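Subject: Structure handover

Hi,

Here is the structure I promised to pass on. Please open it alongside this note.

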Amino acid sequence: ILLKLSIRAIAFEKKVIALGLSASEKLSNQEYIKKLEHVINNSEYFSLRDKNSYELILRTCKDVDPNKLNLIQDLALANEAFKTDRVKKIQETKDIIKIGIIWICLGEIDVTKFANNINELIEILKEQNFVIALRYHGILASYALNIPCISICYDVHRHYKNKISYLNDIFDKEDALSYSDLSYEELYKRIDAILNRNIEEDNVKILDEAQEDLDNAIKKLKL
């Protein structure tokens, strides 16, 4: 859909600005690649949020002008809520441990109330001792808030690997567990590691980089 809309916009001489996109693990459809090359080369500004996607496009899209590709942080990390409400360190383990679970689909299981804005989501996450997440933005929010998180890559879909790897790279975390090969043993091992260490981290630099990228993107929009 994004490619179709971008191609239409370019045809009508409208500016296309793509911010912090991510590619699938592989690109092989030649028709899709040609359309992607056309969009990148004719965009006012085209950016990706992870090195894997950036390098994949450079390798696969032979006719793309490398100067048209930009690498930025996920602009969601520029949200002020992550700077003001960050958890400073893991709470001391108590008799009752609260685990936040952000799954792809939970069926009839009701884990917690639904949060429809970022402030509600942050308040829910801050109540947890740690989070187990398959969803990209659940992992992002947990890391940005310094809440311990076990990331699971939902590798059923090819577009997840680059996105999740990006988050674990910039926040210097362990590689995500594979959903396809997930085992109780590996999950319990990660949980035990979290419960037996105290972590104090400062992610402000990453959030500041995202803010700078957002400011630059806004300048592009004003041109």
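This is a predicted model: local features need pLDDT of at least 70, side-chain atom pairs count only at pLDDT 80 or more; totals for chains, interfaces and linings use all residues.

Residues are numbered from 1 along each chain as its sequence is written, and side-chain values use heavy atoms, with hydrogens and water left out.

Overall make-up

The protein chain has 9 helices and 7 strands. Helices (H or I, at least four residues) and strands (E, at least two) are DSSP runs, numbered from the N terminus. Of the 223 residues, 39% count as buried. Buried means under 20% relative accessible area, exposed over 50%, and partly exposed in between (1.4 Å probe, protein chains only). Take the contacts between residues at least 6 apart in sequence: 73% of them join residues at least 24 apart. Contact means heavy atoms within 4.5 Å.

Helices H1 and H2

H1 covers residues 2-11 and H2 covers residues 30-42. Their axes come within 10 Å and cross at roughly 50°. Axes are lines fitted to C-alpha atoms, for helices over the stretch in contact, and angles run from 0 to 180 degrees between N-to-C directions. H1 and H2 are therefore oblique to each other. On this scale, angles under 35 degrees are roughly parallel, over 145 roughly antiparallel, 65 to 115 roughly perpendicular, and the rest oblique. The crossing is left-handed, meaning that the near helix is turned anticlockwise from the far one by less than a right angle (clockwise would be right-handed). From H1, Leu3, Ser6, Ile7 and Ile10 take part. They meet Tyr32, Lys35, Leu36, His38, Val39 and Asn42 of H2.

Salt bridges

A salt bridge here is a side-chain nitrogen of Lys or Arg within 4 Å of a carboxyl oxygen of Asp or Glu. The count comes to 8.

- Lys35 and Glu31 pair up, with their closest N and O atoms 3.5 Å apart. Both lie in H2, 4 residues apart, about one turn of the helix. Lys35 is partly exposed at 34% relative accessibility; Glu31 is exposed at 53%.
- Glu37 and Lys34 also form a salt bridge (3.7 Å, N to O). They sit 3 residues apart in H2. Glu37 is buried at 5%, while Lys34 is partly exposed at 47%. A network of salt bridges links Lys34, Glu37 and Asp63.
- Asp74 bonds to Arg49, with the closest N and O atoms 3.3 Å apart. This pair links distant parts of the chain, 25 residues apart. Asp74 is in the loop between strand S3 (69-71) and helix H4 (80-84), and Arg49 in the loop between strand S2 (45-48) and helix H3 (51-60). Both are buried.

Asp213 is found in helix H9 (residues 204-222). Leaving aside neighbours within four places in sequence, Asp213 contacts Ile72, Gln73 and Leu75.

Gln73 lies in the loop between S3 and H4. Gln73 is buried too, at 11% relative accessible area.

Best wishes
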